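Hi,

Here is the structure I promised to pass on. Have a look at it first, and then read my notes below with the picture open beside you.

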Amino acid sequence: RRVAKARGWIKTESRFVILSIYAYRQNCPHFTHLPHIAMFTNACRTQLWLVCVFLCVGNFGFQVVRACSFGEFSTGGSCFECYPAHYCDGFDIFPCRFGKYQDQFRQSSCKTCANGKYTEASSQGYASCSPWSTCGAGKYAQAAGTTTSDRACSSCSFGKYTAAANEPACSTWTTCSVGEYELSQPSTTNDRVCTTLTTCTPGKYTSKAPTATSDRECRNCASGTYTSLPNKSTCISWTSCSAGK
């Protein structure tokens with residue numbers, strides 16, 4: 001049996017109820033479109049039942065349509081309680097999505113996801129919102145999360161890092177300057193740590209030269225030798241004073 005359906009609004013006391021008009025082909029054998037002549041009488045303006053009278057090719061057809069309460073939906077002439085992940089307008093049931101959700105029964109609207117959570121576009125409804133993904137150390141937030149989309153994460157490229165979560169961009173590794181050496185190596189999750197080279201003071205010499213990743217090592221000059229400047233590679237022998245000097 002083919003059914004045609006149209007919608008209109010009828011005010012009932014302090015609220016609006018969606019009115020559905022059903023024209024059945026068996027009542028209208030020559031039915032091709034919804035008749036232009038339709039009468040909404042006072043009998044239709046009831047809280048629970050809408051009796052709609054319409055003219056169809058010279059024959060009167062009558063159909064009783066149940067107007068369920070908000071938070072309910074109608075099927076088979078009966079009203080059913082709206083269930084979580086959906087909202088109901090008294091006639092139909094709709095999914096909560098696109099940043100919306102519903103975690104309770106018998107609701108006529110959806111709730112909005114809180115900051116840090118989302119629901120995607122989907123054919124199904126959502127009873128709860130999902131938390132945004134966390135971009136951990138070594139990654140950055142390529143795209144911020146919204147109520148309708150998750151946060152998008154991407155890995156840092158070589159030479160860059162993030163140490164904290166959800167950073168908007170990766171930072172470039174520190175370069176050790178002259179007079180410094182690398183104390184710890186960098187990675188995608190931490191920066192390079194540089195520290196100042198040790199200074200071999202006068203009276204000492206450099207026993208091991210520094211490198212980019214190691215410190216300078218110093219030793220005391222042996223008896224009879226000295227250094228008067230810092231970081232000398234060798235100690236100099238004392239001058240011998242001749243007799244009479």
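Which residue forms a salt bridge with Glu-72? It's Arg-106, and the closest N and O atoms of the two are 2.6 Å apart. Arg-106 sits in the loop between E10 and E11, while Glu-72 belongs to strand E6 (residues 72-75), so this pair ties together parts that are 34 residues apart in sequence. Before you go further, keep in mind that this is a predicted model.

**Salt bridges**

Side chains of opposite charge can pair when their charged atoms come close. You'll find three salt bridges in the structure. Glu-72 has a relative accessible area of 11%, so it counts as buried, the cut-off being under 20%. Arg-106 has 40%, and is therefore partly exposed.

Another of the bridges is made by Asp-103 and Lys-111, with 2.9 Å between the closest N and O atoms. Asp-103 is partly exposed, at a relative accessible area of 40%. Lys-111 is partly exposed as well, at 28%.

Then there's Glu-182, whose side chain meets that of Arg-192 in a salt bridge (2.5 Å, N to O). This pair links distant parts of the chain: Glu-182 is in strand E18 and Arg-192 in the loop between E18 and E19, 10 residues apart. Glu-182 has 12% relative accessibility, so it counts as buried.

**Around Pro-186**

Arg-192 turns up again when you look at Pro-186. Leaving aside residues up to four places away in sequence, Pro-186 touches Trp-173, Asp-191 and Arg-192. You can find Pro-186 in the loop between strand E18 (180-184) and E19. Is Pro-186 buried or exposed? Its relative accessible area is 17%, so Pro-186 is buried.

**Disulfides**

How many disulfides does the structure hold? There are nine, and I'll walk you through some of them.

Cys-96 and Cys-110 form one, with their sulfur atoms 2.1 Å apart. Cys-96 is in the loop between strand E9 (93-95) and strand E10 (100-101), and Cys-110 is in the loop between E10 and strand E11 (111-112), so the pair ties together parts that are 14 residues apart in sequence. The torsion about their S-S bond is about -85°, and so this disulfide is left-handed. Cys-96 has 0% relative accessibility, which means that it counts as buried. Cys-110, at 23%, counts as partly exposed.

Cys-200 and Cys-218 make another, and here the sulfur atoms are 1.8 Å apart. Look for Cys-200 in the loop between strand E19 (193-196) and strand E20 (204-208), and for Cys-218 in strand E21 (residues 217-220); the pair therefore ties together parts that are 18 residues apart in sequence. The torsion about the S-S bond of Cys-200 and Cys-218 is about -90°, so that disulfide is left-handed. Cys-200 is buried at 0% relative accessibility, whereas Cys-218 is partly exposed, with a relative accessible area of 27%.

The link from Cys-221 to Cys-235 is a disulfide too (S to S 1.9 Å). Cys-221 lies in the loop between E21 and strand E22 (225-226) and Cys-235 in the loop between E22 and strand E23 (236-237), so to speak two distant parts of the chain, 14 residues apart. With -85° about the S-S bond, this link is left-handed. Cys-221 is buried, at a relative accessible area of 14%.

**Two backbone angles to check**

Most residues other than glycine have a negative phi. Which value does phi of Ala-85 take? It is near 80°, a positive value in a residue other than glycine. Ala-85 is in the loop between strand E7 (78-81) and strand E8 (86-88), and it is buried, with a relative accessible area of 8%.

Asn-231 also isn't a glycine, and has a positive phi of about 60°. That residue lies in the loop between E22 and E23. At 32% relative accessibility, Asn-231 counts as partly exposed.

How values were computed: Residues are numbered from 1 along each chain as its sequence is written. This is a predicted model: local features need pLDDT of at least 70, side-chain atom pairs count only at pLDDT 80 or more; totals for chains, interfaces and linings use all residues. Side-chain values use heavy atoms; hydrogens and water are left out. A disulfide is a pair of cysteine sulfur atoms within 2.5 Å. Helices (H or I, at least four residues) and strands (E, at least two) are DSSP runs, numbered from the N terminus. Buried means under 20% relative accessible area, exposed over 50%, partly exposed in between (1.4 Å probe, protein chains only). Contact means heavy atoms within 4.5 Å. A salt bridge is a side-chain nitrogen of Lys or Arg within 4 Å of a carboxyl oxygen of Asp or Glu.
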